[in-house]
Amino acid sequence: MTRWVMPFDKFGDGPDLARVSAVAEKLGLDLAGFGAGAAIVVGSNGKGSAAAMAAALLGEVGGPVGLFTSPHLFAPNERFRIDGADISDADLARHWRRVLKQAEGSGIRAAEFLFLIAADWFSARGCGFTVWEAGIGGRDDAVRLIEARRVGLTALDFEHTGLLGSSLAEIARNKIDAAPAGAKLFWSSACDDERETIEAHARARGVTAMRVEPVSLDALEPPLAGPHQRGNAALALALARDLAPIDAAQARRGLAATRWPGRLEIIGDAPLIVIDVGHTPDGVRAALAGFEALRAGRPAVLACGASADKDAAAIVSILAPAFDAIFCAAARHKGAPAAEIAKAARAANPNAHVVEAESVAAAHAAAFRAAGAEGAIYAAGGLFLAAEFKAVHEGRDPASLAFF
């Protein structure tokens, strides 16, 4: 596996889309030129799932279709896809070097660098449709420069409050700002509590806001597990159908072709092993409901962890009551201490058997023994915990995982 070393700081000199535009101009990229055939997906939870489904749906109409998402589980190649295939190491290296040459000394942020790589690759490959997942918010995210005529809002939760605002209304306004004047904003019913804010802010920006009902998908079963994915599938379908005519047969094939690892992903069956990367309270709660359906009555144990920069206590308090045995671990990247996770688990479920594991690998081994072949394991609480747990299960070296 190629080890990619990010040449730019995560936060750089702060947000400044003019810097990104300047680098794009040096590259000869017309970012706004993507707009007519582009969709941007924003939201606190579910935006990657919705983006992946929208790209797969558009793939049924004709390619090439580009998809840019973040973050990744194992390698940054996962962030860039055309027609469902990750960028190759050779192509990533080529566009990495091209963008880096023009971006050196610009002060852009890491996420902006990756965004420009996606734009450069999609342009070189002549992508007619592109789908872009915003990283944080929308107002200062580089995807805003695409000037997409369609924007989807999946869900609202308290996340990155230092950057986005301390209320859901502030967070909603920040995300909606990804939509340029004249665009259509499709928003999920999961955001109903902020309906007034969404409609008022969209109106003030000259954006047409349309609420999307969770579609009855009797013949269009979402490929991703969990009842919350029905809302994401409905949003993806609305975005894709506004870009191109998609009939029922194409919709079925597109949804069935969607690939989106880490979201209630089954990685083993004896015992059943499910990982989920949810890292906000609402996201964790929704995924847990999906896991309960997947376990189908099997006795289950929890492998749990959270990132140090998240509200670990809130996340663990949602997960812990559902399990009698909980194995707590700190992911190598940004993991909150296992002792902190264990303390929160004991507080939320005093009757559970709570173990502080020395590593994610140790938690994996202990959970595997405790579950037995007929049981189930749920690895959840954060992306880095889930990614490392999957790496261990597949025999990968967790030290080889690189995150930006």
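This briefing walks through the strands, sheets and helices of the structure above. The model is predicted, so local features need pLDDT of at least 70 and side-chain atom pairs count only at pLDDT 80 or more, while totals for chains, interfaces and linings use all residues. Residues are numbered from 1 along each chain as its sequence is written, and side-chain values use heavy atoms, with hydrogens and water left out. Helices (H or I, at least four residues) and strands (E, at least two) are DSSP runs, numbered from the N terminus. Two strands pair if DSSP finds at least two bridges between them.

**The eight-stranded sheet**

- Eight strands make an open sheet with mixed pairing, in the order E4-E3-E2-E5-E1-E6-E7-E8.
- At its edges are strand E4 (85-86) and strand E8 (208-212), each pairing on one side only.
- Inside this sheet, strand E1 (residues 38-42) and strand E6 (residues 150-153) run parallel and are joined by four bridges.
- Which residue of E6 is the bridge partner of Val41? Look for Gly152.

**The six-stranded sheet**

- Another open sheet, also with mixed pairing, has six strands in the order E9-E10-E14-E11-E12-E13.
- Strand E9 (265-269) and E13 stand at the edges with a single partner strand each, so one side of each has no neighbour in the sheet.
- From one strand to the next, the twist averages 20°.
- Strand E11 (residues 300-304) pairs with strand E14 (residues 376-380) in the parallel sense over five bridges, and Leu302 stands opposite Tyr378 in E14.
- Strand E12 (residues 325-328) runs parallel to strand E13 (residues 353-356), with four bridges joining them; here Ile326 stands opposite Val354.

- E12, helix H12 (residues 338-348) and E13 form a right-handed β-α-β unit (with the strands pointing away from the viewer, the path from the first strand over the helix to the second runs clockwise).
- Helix H10 (residues 281-295) lies across E9, strand E10 (272-275), E11 and E14, at about 165° to E14 (axes are lines fitted to C-alpha atoms, for helices over the stretch in contact, and angles run from 0 to 180 degrees between N-to-C directions).

**A pair of packed helices**

- The axes of helix H3 (residues 89-103) and helix H4 (residues 110-124) come within 9 Å and cross at roughly 115°.
- Contact means heavy atoms within 4.5 Å; among the residues that meet are Leu92, Trp96 and Val99 in H3, and Phe113, Ile117 and Trp121 in H4.
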